[in-house]
Amino acid sequence: MRGLMMDHRSGRIARGVLLAAAYAAIFLAVRASNITLDQWYLPAGVRVAALLACPRRYWPYLVLGEAVALLTLRYPQLHNYGPLFVVVASITIMPLVACIVRFLERPARTDLSTQNVLTLAALVAVSTTAANSIMVFGLMRNIRAPLDWTNSFQVMVGAYLGILTVAPLVLLWKTRNAIYPFPRKFRNDATIGIAAIAAAYFACQSVESIESKNLLRLFMIAPALALTVMHGWRGAAAGVVAANTALAMTIARTHTDGNTDQDALLVQMVLAVASTILFSLGAAISRYYRNSTMYGAAEARALEIARQSFVASEKELERRAADMHFLMDEVAGKLHEASDWLKKRGHAEAALEIQNFRMINESRIRNDLLSTYPSHLADGGLYSTIAKNPNSGKWGGQSVVTSFLRGDDRALGPDLQLMVYRALDDLVALLAITGHREITIKARCRRGNGYSGIAVCITSRDGLRSAIDQVGDLDASGRVLAYGGRIRRRGRRIHLVMIERHHPVNAPAFA
């Protein structure tokens, strides 16, 4: 057991040393190729990205890697900077940034969220600039003049933009397996946006006028704004990174500190403000979209439960109606046998009375059973049942009901047909008992694009009475809403729409 633990610890140390060497090499390469150390300090972004991407147990190796890289850079200037500044400045910044990252992760005990990226970038830019200024003032006082406020502000903006250039890429990578409904559209839109930014960059390189150059630099922000609106924080990450990089490539290349491209500085300040706004907007859009998706899923689940509840209730009514039909058949058979027995023994009047009683009550009870559960719906379909129903059951009596039915009712599933019939049964019965004498039903069934549905219009020539002002309070409205439809009253008409989605039986599973 101890041997296994030693092997595991040795393997982790070896991986840490390799990580430190790789980070030192990347840091040196990025710093050597950096365009300017003031207006776009990309190593600040590499520093933060490494801390976000690596587990905390490897952070000491990142501190070691940066210390090696900075000591390598500053050792040739040891006689100018002094050994105290070279050592202290090389081992101070990375632990400071690590403490900030750890502080922002601590409340949730989870990875850094997209909402905290701006806070992280601002804190790191301010704290590292202040720490460097303090070390320069305190450890190099007699060697180098202190930086002025203007230069410190430029360094701060450069570090802020450098962090916003690299850190969002790490967040995109860490959330690559998260559910996102439009991955292909995001890739296509990001490609188009980056292409537009690249076109603006090449156009900026080809013009000589400062005004035209700055106008094209400002245009680089527009694709980032469009991506943010369409894809939330993911769009902001892709757009801001591309705009930052393209704008930085237009800055005069100095590879030193203390040099400023004044023409690009104003645009960079605008980009810094725009990046902040875009990330905030993107995070808000993503949060509201996530909440609406969650609420939409909950609503869909509630409607599914309501549909299942309605179907279960109808199945129970169907079972009870079938039992009652069976019982009626048994009773009618026994009464018929009793009538024949009495007739054979000379009691014709009693036999006739029993037959009349059986026929009258059997017809009435069977009609009531059909009103309770329309078992004939499965045989004749919805349209056939509507066409026959005005002369029987709750639709009969003093009202005259006419129907105009279009489309093929076989496009509707059996459950939806039953729910449409129930809704019509409730509405027409209510119109009949509230004194509406002439009622017209118009219906049309359609099917397409994986959905089938029916639109119904119920009209009363008498106008709708106050008794049905609140059609949304009827039992029919619950069935309509459960099937993704709606019911409303307009003048003397009641409109209802009900739809259902088809699930292919042999459809392949999504990967």
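The following legends describe close-up views of a predicted model.

Residues are numbered from 1 along each chain as its sequence is written, and side-chain values use heavy atoms, with hydrogens and water left out. Because the model is predicted, local features need pLDDT of at least 70 and side-chain atom pairs count only at pLDDT 80 or more, whereas totals for chains, interfaces and linings use all residues.

**View 1. The salt bridge between R47 and E66.** A search of the whole structure finds two salt bridges, a salt bridge being a side-chain nitrogen of Lys or Arg within 4 Å of a carboxyl oxygen of Asp or Glu. In the pair formed by R47 and E66, the closest N and O atoms are 3.0 Å apart. This pair links distant parts of the chain, with R47 in helix α2 (residues 42–53) and E66 in helix α3 (residues 59–74), 19 residues apart. Helices are DSSP runs (H or I, at least four residues), numbered from the N terminus. R47 counts as buried at 5% relative accessibility, and E66 counts as buried at 0%. The term buried means under 20% relative accessible area, exposed means over 50%, and partly exposed lies in between (1.4 Å probe, protein chains only).

**View 2. The salt bridge between D408 and R410.** The closest N and O atoms of D408 and R410 are 3.1 Å apart. D408 is partly exposed, with a relative accessible area of 35%, while R410 is exposed, at 68%. Side chains of opposite charge can pair when their charged atoms come close.

View 3. K213 is buried, because its relative accessible area is 16%. A polar atom of the K213 side chain lies 2.8 Å from the backbone oxygen of C204, and the backbone oxygen of V207 lies 3.3 Å from a polar atom of that side chain. Leaving aside neighbours within four places in sequence, K213 is in contact (heavy atoms within 4.5 Å) with C204 and V207.

**View 4. A nonpolar surface patch made by L71, V87 and I91.** The patch covers about 230 Å², with accessible areas taken from the Shrake-Rupley method with a 1.4 Å probe; for residues, only the protein chains shown count as cover. Patches are made of residues with over 30% relative accessible area and no salt bridge; like charges are joined within 9 Å, and nonpolar side chains (Val, Leu, Ile, Met, Phe, Trp, Tyr) within 5 Å. V87 is placed in helix α5 (residues 83–105) and counts as partly exposed at 44% relative accessibility.

Note on methods. A polar contact is a pair of N or O atoms within 3.5 Å; within protein, one must be able to donate a hydrogen and the other to accept it, and residues adjacent in sequence count only if both atoms are side-chain atoms. Helices (H or I, at least four residues) and strands (E, at least two) are DSSP runs, numbered from the N terminus.
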